[in-house]
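I open this notebook to record what I looked up in the structure shown below. The entries follow the order in which I made them.

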Amino acid sequence: MRKYGDLLFQIASMVTLVVALAALATLVYDIVSDGAGRLSLTFLTTFPSRKAEEAGVYHALMGTIWVIGLTAALALPIGVAAAIYLEEYGTRSRIARFIELNIANLAAVPSIIYGLLGLGLFVRLMGMGQSVMAGASTLALLALPVVILSTREALRTVPSSIREGSYALGATKWQTIWHQVLPMALPGVLTGLILALSRAIGETAPLITIGALTYIPFAPDSVWSKFTVLPIQVFNWVSRPQAEFHTNAAAAILVLLALLLSMNAVAIIVRDRYQRQERA
Amino acid sequence: MSTRALEWIIERLLFLCAALSVLTTAGIILVLAVETFEFLREVSVVEFLTGTEWTPLFANQRFGVLPLVVGTMLVSAIAMAVALPMGLLAAIYLSEYAPSAVRRIIKPVLEILAGVPTVVYGYFALTFVTPLLQQFLPSLSGFNALSPGLVMGLMILPLVSSLSEDAMRAVPRGLREGSYALGATRMQTALKVVVPAAFSGITAAFILAVSRAVGETMIVAIAAGQQPRLTSNPFVPIETMTAYIVQVSLGDTPQGTIEYRTIFAVGMLLFLMTFGLNLISTWLREKFREEYA
């Protein structure tokens, strides 16, 4: 009898996992079957339109690339610097402990709250308006906890003998970090950055909250341009009652997922090459 | 410049970057507090927290936040009803039963589930799950709490399962071996030894999942509707706190008006709720770590 109970329990657990995986497969199938027919080069290179069948995602794709590029440029140096401080300098101090706790808490703050911060701070107080700069600054704050955590992990994998060897040759602390530790940790840092960005690229709520536009007939040409991004375009189309716009939304989702997958592929390649170097 | 001075400057600069995270928290609290304070000068705290009507965008303005809070809790409860049992079962299977080859396949797939942008889940809820449910439940309206709740549960499941699994794997082998030695089956060991031993870690995972559900925005903004109403009926359109913030942000509400300030007041309430949950979760995780350190 107890044997049967055990077997039933094991089956129930497996069924649960299968249901979750089947739901994921259904989601992917649903979106591909809805949107794949709408995908074309024209869809990628035309501007939005009031007529569903003439609309494209060029503006949103360009907006996403501008915003994510700038987010990376802001989050990488600040995140790496913060991680170096916490891992190499202030590990034992009480302030460092407080900062750590704070970062852990920030990582769990809902993204829409960052949007309200961006609206109050970047858009209004600093007068950036609804620009690429304001959007990227908001997303950079959102991505920072992830960048910091992954950079710290990468720094921790560098053996302490490397640091000691460098000190023994008379290098200062910063020379050791800049010339020895950081280059060794770089692949791990970059993988973490890409993962943080692939989360930021799908963020919709904070950018809507700072007032990124839902209809915009041009692509950004500077960091002060107004912009829209792919997820906002998806939201805009899916919120309309007509089925043709839902098809557009599915096609735009496919573009977004393709971007996401290629970013993750890059991360995997970087990690893979690094591991091979390690072994060599 | 001497090397020593340069080293000193660099350390200060690095410290400033690390301190930016504290400034971010301070910034969030300050921005929310300033606008909320202005809001509360026009609407009393009692009316805001206990009023049962939320109509700031209509001519007859009422500022009772309860309908939004109840809507948020209704969707989160449905999501947890999915994510909690399924996540825990998946975690038990992955930690106690699955051969390592199976785990190597399933864990990345679960990570994909967690990495799908929420706007995609919103699309799925509105255009697939709702029509599907309507075939069995004819009274379900096009916008409702049920469908986004179920989909949100699916989205949160990987969070529950991976954090719970981590907690269970941290339970020392000796406990399991002792249980087997007494003749217990795997199920008995899992349910009566491992899960209780990992209890605070698992609870921390659940609470973090609730916090994620409460703050989730796009799924509900797309599929739950924009009608704040005080109901526990999952079949009718409702509005959550997050969806309300999105609704106002999409319109052009001028800065400085009371309608504009409502989103900060609602945001403040949302921040306090999730912040409280996160603190409890962190505290439980620390406690769990101490137990097996």
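**Entry 1: chain B**

I began with burial in chain B: of its 293 residues, 50% count as buried. I note at the outset that I am working on a predicted model. I then looked up the secondary structure and found 12 helices and 0 strands in chain B. Read along the sequence, I recorded the pattern of chain B as α-α-α-α-α-α-α-α-α-α-α-α. For the extent of the chain, I noted that the C-alpha trace of chain B spans about 75 × 70 × 35 Å along its principal axes. I also looked up the sequence range of the contacts in chain B: of those with a separation of 6 or more, 73% are between residues 24 or more positions apart.

**Entry 2: domains of chain B**

I next consulted the domain division, which gives chain B a domain 1 (3-42) and a domain 2 (66-291). Taken over C-alpha atoms, the centres of domain 1 of chain B and domain 2 of chain B are separated by 30 Å. I asked how many residues of each domain are in contact with the other. I found 8 residues of domain 1 of chain B in contact with 8 residues of domain 2 of chain B.

**Entry 3: chain A**

I repeated the look-up for chain A, where 46% of the 280 residues count as buried. The secondary structure of chain A comes to 11 helices and 0 strands, and I wrote its pattern along the sequence as α-α-α-α-α-α-α-α-α-α-α. The C-alpha atoms of chain A fill a box of roughly 70 × 70 × 40 Å along the principal axes. Among contacts in chain A between residues at least 6 apart in sequence, I noted that 76% join residues at least 24 apart.

**Entry 4: domains of chain A**

I found chain A divided into domain 1 (2-38) and domain 2 (42-279). The C-alpha centres of domain 1 of chain A and domain 2 of chain A lie 31 Å apart. To their contact, domain 1 of chain A contributes 6 residues and domain 2 of chain A contributes 8 residues. By class, I recorded 3 nonpolar, 1 polar and 2 charged residues on the side of domain 1 of chain A that touches domain 2 of chain A.

**Entry 5: contact between the chains**

I turned to the contact between chain A and chain B, which takes 66 residues from chain B and 62 residues from chain A. Which helix of chain B gives the most to the side that touches chain A? I identified helix H1 (residues 3-42) of chain B, with 20 residues. By class, I counted 42 nonpolar, 20 polar and 4 charged residues on the side of chain B that touches chain A.

**Entry 6: the nonpolar core**

Finally, I looked up the largest nonpolar core and found 183 residues in it. Those with the most contacts inside this core are A:Ala143, A:Val234, A:Ile253, B:Tyr123, B:Val160 and B:Ala209. Helix H3 (residues 66-97) of chain B supplies the largest share of this core, with 18 residues. I then took A:Val234 as a case to follow. Leaving aside its neighbours within four places in sequence, A:Val234 is in contact with A:Ala249, A:Ala252, A:Ile253 and A:Leu256, and also with B:Val119 and B:Tyr123.

Technical notes: Residues numbered from 1 in each chain as written. Chains lettered and ligands numbered in written order. Predicted model: local features only at pLDDT ≥ 70, side-chain atom pairs only at ≥ 80, totals over all residues. Core = buried A, V, L, I, M, F, W, Y, C linked by C-beta atoms within 7 Å. Buried ≥ 20, exposed ≤ 12 C-beta atoms within 10 Å, placed from the backbone. Helix = DSSP H or I, 4+ residues; strand = E, 2+ residues; numbered from the N terminus. Contact = placed C-beta atoms within 7 Å. Nonpolar A, V, L, I, M, F, W, Y, C, P; charged D, E, K, R; others polar. Domains from an automatic or database assignment.
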